[in-house]
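User: I'm new to this one. Can you walk me through a few spots?
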Amino acid sequence: MTNTWIQPDDTLTLWGIIVVVASLSIYLEQRFSWASKISGAIIALVGAIFLSNTGIIPTESPVYDAVWGVIIPLAIPLLLFHVNIKKIWTESGKLLALFLLSSIGTVAGTIISFFLLKDHIPYLDKIGGMISASYVGGGVNFAAMAGKFEAPGDLVSATVVADNLMMAVYFVILMLIPTIGFFRKRYSTPHIDQVENGVTQEDGKTLAESFWKRKDISLKDIAMAIGTAFFLVIVSFKLAEFIGGLIPSGENVSGIMNLAHAIFGDKYLVLTTVTFIVLALFPSYFEKINGSQEFGTFLIYLFFVVIGIPASIPLIVQNAPLLLVFVFIIVMVNMVVSLTAGKLLNANLEDTLLASNANIGGPTTAAALAIAKGWKDLIGPILVVGTLGYIIGNYIGTVLGLWFSTLI
């Protein structure tokens, strides 16, 4: 929408709306049982969809870019400060297997959706390459494939709109699945049980309010938490930029060098790695910091608001209804394959959902799901495992895109 009540450059108002919606979502989740059941994350996301689709706020703004560029990187170390590092490796092994099997679900879904709709959507070979890369890795892979296949600008825009709306719906589904008895009966749920059993639900309080009970916090805690998080983000991003500059990449460079560049130059992977290192070296320092989990979670709620904003339903209806069907089929096949793989591997429900989320939405949205649900031991592992998608996504998108082009 171009004609909105709040303009894209009205930064103060847009920041205020994002913060107020996130704050209201947290309040409702902790005040009312119905809100606690559907979670504050969904309330924030749905609220954002309502505001953007009713013309109150724009679907694009530098403010939203700032959330992606500043808020999310800052939230990651804050939420890792109290992670149990000893569980990282045991959790990562099973998550890695699930993630790779979930990637097969993305490939299968793309192929099925392509053959069903290739006669109805123009340039579907290019779209298939972009979406398959994105639904294994993330937005970086989508942009890379859009450039590689030289997709028309309007086509890219329409695909992004369809993707954004699908992501919003998909995230709601992922948040609701752990509350459904059908899945709870058929999968083990150790992390969900830990959250539910780890708090004593007091009379008149929701589970969320009991979990996020009041803690002692000082001005020094605030300073150390925020200051340390910013320091780690700056150091990690500069280090990733430096390493990325040393390792060449591109079409004329070998696959090994491109792989090395993708691994060692990825800022989120470097940030996670650096945070793990300092956690191992200075455990007593981080144990003394109170409030980091609360700060990080609040920042993630700002992210929940922002990911719902671009989901423009009118734009989908006007420009790309079939594209929504295309991505919907891919997501559903991925989810079915992921849930089946999880059952066959006797994996728990939390690992299975996060593996699917890391494919479709990328590691940051998967970490956000883990945070929202209180699965704190899975935040670090899914960030590490999900980053693998950035590496293999481009290869999958390239192969599928080139194959599809021979079938058009």
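User: Which handedness does the crossing of H6 and H18 have?
Analyst: H6 passes H18 in a right-handed crossing, meaning the near helix is turned clockwise from the far one by less than a right angle. A caution: this is a predicted model, where local features need pLDDT of at least 70, side-chain atom pairs count only at pLDDT 80 or more, and totals for chains, interfaces and linings use all residues. Residues are numbered from 1 along each chain as its sequence is written, and side-chain values use heavy atoms, without hydrogens and water.

User: Which residues make the contact?
Analyst: H6 brings Leu124, Ile127, Gly128 and Ile131. H18 brings Leu323, Phe326, Val327 and Ile330. Contact means heavy atoms within 4.5 Å.

User: What about the angle of H6 and H18?
Analyst: About 45 degrees, with the axes 12 Å apart. H6 spans residues 124-134 and H18 residues 321-344.

User: New topic. Where is Leu400?
Analyst: Leu400 sits in helix H21, residues 379-405.

User: Is Leu400 buried or exposed?
Analyst: Buried, with a relative accessible area of 6%. Buried means under 20% relative accessible area, exposed over 50%, and partly exposed in between, using a 1.4 Å probe and protein chains only.

User: What does Leu400 touch?
Analyst: Leaving out residues up to four places away in sequence, Leu400 touches Val107, Thr110, Ile111 and Ser132. Ile111 is 289 residues from Leu400 along the chain, yet their C-alpha atoms are separated by 8.1 Å.

User: And how many residues of H16 are buried?
Analyst: 14 of the 17, so H16 is largely enclosed by the rest of the structure.

Methods: Helix = DSSP H or I, 4+ residues; strand = E, 2+ residues; numbered from the N terminus. Axes fitted to C-alpha atoms, helices over the stretch in contact; angles between N-to-C directions.
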